[in-house]
Each structure stands twice: as C-alpha cells, then as structure tokens.
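Reader: I have a new model open and want a quick tour. Can we start with the terms and then go through the residues?

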Amino acid sequence: MISVIMLTFNREKYVGNMIEDILGQTYADFEYVIVNNGSTDGTEERLAEYAKSDQRIRVLKAEGAQSIGRGRNLGLQNAKGDFVAFVDDDDRAAPDFLEFLVTLRRENDADISMCGASEGNGATRIPQCVFREKMVLTGEEALRLLLGRKYIRAGMPTKLYRRAILERFPFEEVCKNEDIHTQYRYLITSKKVVIHGMDKYYVTRHDGNVSGFTSDARKWDAQTMRDYLTAFHDRTAFVKAYAPDTYELALYSEWSYMLSMVEKIEKYHLEDCLQIGITLKCILKKNREQFLNMTEIKEFEREWMERYI
C-alpha cells in the first residue's frame, strides 16, 4: 500500500476533480490522506461526503489555516504507507498516474520515481518536464538535473518517495514554498532515482496558486524572494558537505538565481524588492570573475552581468 497525501484550503471549486482522479486510479492499493488545512468555504462538507463513500479516504483537520509545510508534515505523520505520493487539490492526475510511478519504482528498486507533467489553465496544456527517455540515476546524478533545471523540478507532485527519506527531512513550516527547502535533500540522500518523463500529471494555473509568481514575475514579493535566497544558500552548503563534486554546480545555480532576481527587479520595477536587489548586486559583483568563468554560465547571463552588475 502507498499513501497519497493532499492538502486542501478553500478549494471547493477544484477539490472534487482531484479526489475523483485518485479514486479512479488503475492502481487501487492506497490510502488517501487529505488534510483540510483550515478551509472556511464548503470544502469540509465535500470532504466528508467523499470520506463516507470510500474507506480509503482519511480526512485530517488542521486547527486554523496552517502553512503548506505544517500541513504536509501532519499528513506524513498520519500516513501508513511505506511509499508516499503528494498531489495538489487543484491539479489533475491521469488514470494510471499511481500505477506508472509504482511500477517504475518497483522495476528499478528505486527510492524515488518520477513522471512528467504538463501545466495550463484547464483549457491549455504546456509540457513541463515531459520527455520519452527513462533514466535510472544515483541520488547525486538526480541532484545535478535539479540544479541544472532540467528534467526535475522541486515541486512534490509527480513523484513517489520512500517514506523513510521524507521522514529524515521534515518540511519547513515557517515558509510558503516548502519544497525548495527539502527536495534536494531527498534526492542527494537517495541511493537510486528513476525518471520517465511520460505526461501523467496536470498542474492547473490560476489566480489562487500559491506559486503564481513562477509564471508571472510581477507577483514576486520580498518575503518570497528572501525565502528562495535562504533555501538556495542552505542548499549550496548542504551540497558542499554531502556531494562536494557537485558543489560548483550548486554555487553556479545559486548565483544564477540571484542574477535572475536582479533582472526581474529591474525589468518589472519590483518596489518591494529593491533593497534585496542592491544586496544581490554586491554579492554578484564580488564574485563576478568566478561566476563568469564557470562552465555552466549561459550567454544571456553574461549579457545580464554586463547590463546589471
């Protein structure tokens, strides 16, 4: 049996779609742990109806609106499966989503298995980490793909995890973007990761997304930017300690992110982030020569360094 964990918060409009998708999976040996993360609309009533209709559903109620990290920790603490998949309450899953991940993991004796996904507004479909190849990787090899922003994204959905790995690194509970603080830890401490980029999951983009800033740069704010900067700084230090051969790539990834934030602050005149931009420019100026000489640097980054730094 595996555990499927889902948080929901005021998603009466969407939550039934994902619940129906999971209950209709071709792989049926699962429990469905749903954490009601302080909903104040009709979500609670909808969850109660579904729980009555299918014994695989267990609904947990968080006291008041909690962070995503705290809600996911609550779900994991109450889950019973040896392997865990996370889904979001406003997304959609293909009928064989779970079967695909379970089979992929089992055939390769992996700690983490991943599929591809698409995203859109419900009427559109844009590939997101979709590819035909199957890759069987060490944890460090998978980490390098994450750092290179190729094939792997930090989000929790689209992945099946060995539960013991998740329990080693609980989710951050004081930020709203908990996955960037932990995903690299899961990968780097896994013995084997298998990825097959078949499109089995759909990420729905709408105005209510917590991660809306990822598709609309004008929505960045200082708190979110600082959260990412802290996460990536911690990631670089963690990689240096656990995978020194990948340290330079992690350092490049951190500096590359800083530069992209400077570009966004300048391009969209993000008033809330101006002071952060000044700090980032100082750091990049100090490390200018090392950054420009890194093998991973892109041509557009050289141009941005010339323009902004």
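Author: Burial comes before the rest. Buried means under 20% relative accessible area, exposed means over 50%, and partly exposed is in between, with a 1.4 Å probe and protein chains only. This is a predicted model, where local features need pLDDT of at least 70, side-chain atom pairs count only at pLDDT 80 or more, and totals for chains, interfaces and linings use all residues. Residues are numbered from 1 along each chain as its sequence is written, and side-chain values use heavy atoms, with hydrogens and water left out.

Reader: Good. Is Tyr242 buried, exposed or partly exposed?

Author: Tyr242 is partly exposed, because its relative accessibility is 49%.

Reader: And Phe238, buried or exposed?

Author: Phe238 is buried, at 10% relative accessible area.

Reader: Now aromatics. How many aromatic pairs does the structure hold?

Author: There are 17 aromatic pairs. Rings of Phe, Tyr and Trp (its six-membered ring) pair if their centres lie within 6.5 Å; planes under 30 degrees apart are stacked, over 60 edge-to-face, and the rest tilted. Phe232 and Tyr257 make an edge-to-face pair, with 4.8 Å centre to centre and 85° between the planes.

Reader: Where in the chain do those two sit?

Author: Phe232 is in helix α8 (residues 222-242) and Tyr257 in helix α9 (residues 247-268). They are 25 residues apart, so the pair links distant parts of the chain. Helices here are DSSP runs (H or I, at least four residues), strands are E runs of at least two, and both are numbered from the N terminus. Both Phe232 and Tyr257 are buried.

Reader: What about Phe238 and Tyr242, how do their rings sit?

Author: Their ring centres are 4.2 Å apart and their planes are at 15°, so that pair is stacked. Phe238 and Tyr242 are 4 residues apart in helix α8, which is about one helical turn.

Reader: Which residues form an aromatic cluster?

Author: Phe86, Tyr161, Phe171 and Tyr186 form one.

Reader: Which charges sit over rings?

Author: Two to look at. Arg235 lies over the face of Phe232, 4.2 Å from the ring centre. Lys240 has its charged end over the ring of Tyr247, 5.1 Å from the centre. The test is that NZ of Lys or CZ of Arg is within 6 Å of the ring centre and within 35 degrees of the ring normal.

Reader: Tell me about Tyr247. Where is it, and is it buried or partly exposed?

Author: Tyr247 is in helix α9. Its relative accessible area is 26%, so Tyr247 counts as partly exposed. Thr236 is 11 residues away along the chain, and the C-alpha atoms of Tyr247 and Thr236 are 6.7 Å apart.

Reader: And helix α9 as a whole, what is its span?

Author: α9 has 22 residues and reaches 32 Å from its first C-alpha to its last, close to the expected 32 Å. The expected span is 1.5 Å times one less than the number of residues. Of the 22 residues in α9, 16 are buried, so the helix is mostly covered. His269 follows α9, and its phi is positive, near 50°.

Reader: How about α4, what do its ends say?

Author: α4 has 12 residues, and its end C-alpha atoms are 17 Å apart, which agrees with the 16 Å it should span. Its buried residues include Phe97, Leu98 and Arg105.

Reader: Where is Arg149, and what is its phi?

Author: Arg149 lies in the loop between α5 (139-147) and β9 (159-162). Its phi is positive, about 55°, although Arg149 is not a glycine. Arg149 is exposed, with 52% relative accessible area.
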